[in-house]
Amino acid sequence: MLREILIYRQGKARDGGRRGARGRKLTDEGKRDAQRMGVWLDRNGLVPDQIYSSNSFRARSTANNCCKAANLGVAEVILDADLYRAGRKNLIGFLRNLPEQTKRVMIVGHNPGLEKLVNYLGRTSDKDSAVEMDAGSLAHLRFTGGWQNLDKGCAQMIHLVHPRQLPEKFPYPTPDGPEQRLRPAYYYSQSAVVPFRKRKGKLEILLVTSGGGKKWIIPKGIHDPGITAQDSAAKEAFEEAGVLGTVLDCKLGQYAYSKWGATCEVVVFPMEVTRELPSSQWDESHRDRRWLPVKKAAKLISNDDIKLIVKSLPDCLGDCG
C-alpha cells in the first residue's frame with residue numbers, strides 16, 4: 001500500500017517570556033505561513049487522514065491554522081505530549097504504531113527531531129544532500145508498505161515546501177479560485193450572536209466593548225471550518241463576552257462590512273444566556289459588558305445594520321417560540 005507522511009515543522013514563534021518554551025506563540029508571519037501551507041495542501045490534494053501535533057502552543061497553533069485553511073476543523077488535530085522535543089528514534093516508533101488504515105499522516109513538531117527524521121527516511125545514501133527544515137517548512141514523503149516497515153531510506157521525498165515559496169495572497173472562494181485576497185477564504189464568512197435574557201419579565205441584551213474599548217458591539221467572529229455557524233458564534237460569545245448559553249436556530253439577520261480588502265458577510269443569531277462567567281474566569285475581561293433593554297442597547301450601537309438587527313430581536317423570539 002502506498003503511504004504518505006507530511007512532516008511539518010512549527011512556524012516562526014515569539015520568545016516565550018513567562019509562558020516558557022512550551023508556551024511560545026506564533027508570530028503573525030508564522031500564523032500566515034501556516035495558513036498558506038493549508039491552502040497548498042488543499043490545492044494539491046494532500047489533505048491528511050490523520051493529524052498529530054506536539055502539545056506546545058506554537059505547534060498546536062501551526063496545526064490549527066493550517067487545518068482551517070485546508071477546510072478542516074481543528075477537532076481533527078490530535079495533541080500528543082510525546083511529540084514535544086521527540087528525537088528521531090521516538091518519531092520512528094510513533095509512526096510505526098499508526099493504524100494500518102491510515103494512508104496519509106501529518107506530524108507537526110519541532111527540530112532537531114523532525115529534520116533528522118526527514119533525512120533518515122528520505123535519503124537513500126549518505127552522499128545525498130541533507131535536508132534542512134526551516135521554521136514553517138513541510139516535507140512530503142512517500143513509501144510503499146506497512147507503517148511497521150519504516151526504515152532508513154525507505155521513502156521518496158516528493159516535496160520540500162518552504163513558506164517563502166508559497167504565494168503571499170490566498171485564493172478565493174476556492175483553492176483554485178480566480179480572486180486573490182489578503183486572508184484565507186473562510187475569514188470572509190462570519191457569525192455573531194445577540195446575547196439575551198429575561199429579567200423580571202423584561203428582555204435584556206448584553207453588549208460588550210470592542211477590543212479597543214471605543215465601541216459597543218455584539219460578539220462576532222470568523223466562522224471556522226468544521227463547526228456550524230451557531231457553534232462558531234457561541235464560541236465568540238464565550239471568548240468576547242464571557243457568557244454561555246443556547247444559540248437558537250432561527251437567524252436574526254445578516255449584514256456585511258469591509259475588511260482585509262474585501263467584504264465580510266456576517267450571519268447573526270439570538271443566544272439565550274444561561275451563565276455569565278465572573279471576570280476572574282473571563283479571558284477578555286479587559287472589555288466592558290453591560291445588560292440593557294433592547295432600545296437602549298440599540299442606541300449605543302454605531303453600526304446601523306446591527307442596530308436594526310438588535311431591534312428585531314423581540315419579533316424574532318416571538319417567531320421562534
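Reader: Which residue does D224 meet in a salt bridge at 3.7 Å, N to O?

Author: This is a predicted model, and the distance is computed from its atoms. D224 sits in the loop between β12 (220-222) and α5 (229-241). The partner lies in helix α5, 11 residues apart from D224. The two side chains meet at 3.7 Å, and the partner of D224 is K235.

Reader: Is D224 buried or exposed?

Author: The cut-off for buried is under 20% relative accessible area. D224 has a relative accessible area of 12%. That value falls under the cut-off, so D224 is buried.

Reader: How does K235 count, by its relative accessible area?

Author: Buried ends at 20% and exposed begins over 50%, with partly exposed in between. K235 has a relative accessible area of 34%. That lies in between, so K235 is partly exposed.

Reader: Which residues are linked with D224 in a network of salt bridges?

Author: D224 forms a salt bridge with K235. D224 also forms a salt bridge with K68, the closest N and O atoms being 3.9 Å apart. The network that holds D224 links it with K68, K235 and E239.

Reader: Why can such side chains pair?

Author: The pairing rests on charge and distance. Side chains can pair when their charged atoms come close, because the charges are opposite.

Reader: What is the count of salt bridges between domain 1 and domain 2?

Author: Domain 1 covers 2-165 and domain 2 covers 185-320. K68 falls in the range of domain 1 and D224 in that of domain 2, and these two residues form a salt bridge. The count between the domains is 1 salt bridge.

Reader: How many residues does the contact take from domain 1 and from domain 2?

Author: The centres of the two domains are 37 Å apart, taken over C-alpha atoms. The contact takes 8 residues from domain 1 and 5 residues from domain 2.

Reader: Which element gives the largest share of the side of domain 1 that touches domain 2?

Author: There are 2 residue pairs in polar contact between the domains. On the domain 1 side, α1 (28-43) and α2 (57-69) each supply at least two residues. The largest share is 3 residues, and it comes from α1.

Reader: How do the residues on that side of domain 1 divide into nonpolar, polar and charged?

Author: The side in question is the one that touches domain 2. Its residues divide into 2 nonpolar, 3 polar and 3 charged.

Reader: What separates the C-alpha atoms of F170 and P184?

Author: F170 lies in strand β7 (residues 170-172). F170 is buried, with a relative accessible area of 1%. Leaving aside neighbours within four places in sequence, its contacts include R32, Q35, E179, R181 and P184. F170 and P184 are 14 residues apart along the chain, yet their C-alpha atoms are separated by 5.4 Å.

Reader: Which residue meets E179 in a salt bridge?

Author: E179 is partly exposed, with a relative accessible area of 35%. The side chains meet at 2.9 Å, N to O, and the partner is R181.

Reader: With which side chain does the side chain of R197 make a polar contact?

Author: R197 is in strand β9 (residues 189-199). R197 is buried, with a relative accessible area of 19%. Leaving aside neighbours within four places in sequence, R197 is in contact with K202, L203, E204, E276 and W291. The polar contact is at 2.8 Å, and the partner is E204.

Reader: How far apart are the closest N and O atoms of R287 and E284?

Author: Both R287 and E284 are buried. The two form a salt bridge, and their closest N and O atoms are apart by 2.6 Å.

Reader: What share of the protein chain do buried residues make up?

Author: The chain holds 8 helices and 16 strands. Its C-alpha trace spans about 75 × 45 × 35 Å along its principal axes. Of the 321 residues, the buried ones make up 51%.

Terms used: Residues numbered from 1 in each chain as written. Predicted model: local features only at pLDDT ≥ 70, side-chain atom pairs only at ≥ 80, totals over all residues. Heavy atoms only, no water. Helix = DSSP H or I, 4+ residues; strand = E, 2+ residues; numbered from the N terminus. Buried < 20%, exposed > 50% of the residue type's maximum accessible area, 1.4 Å probe, protein only. Polar contact = N/O pair within 3.5 Å; in protein donor to acceptor, adjacent residues only side chain to side chain. Contact = heavy atoms within 4.5 Å. Domains from an automatic or database assignment. Salt bridge = Lys/Arg side-chain N within 4 Å of Asp/Glu carboxyl O. Nonpolar A, V, L, I, M, F, W, Y, C, P; charged D, E, K, R; others polar.
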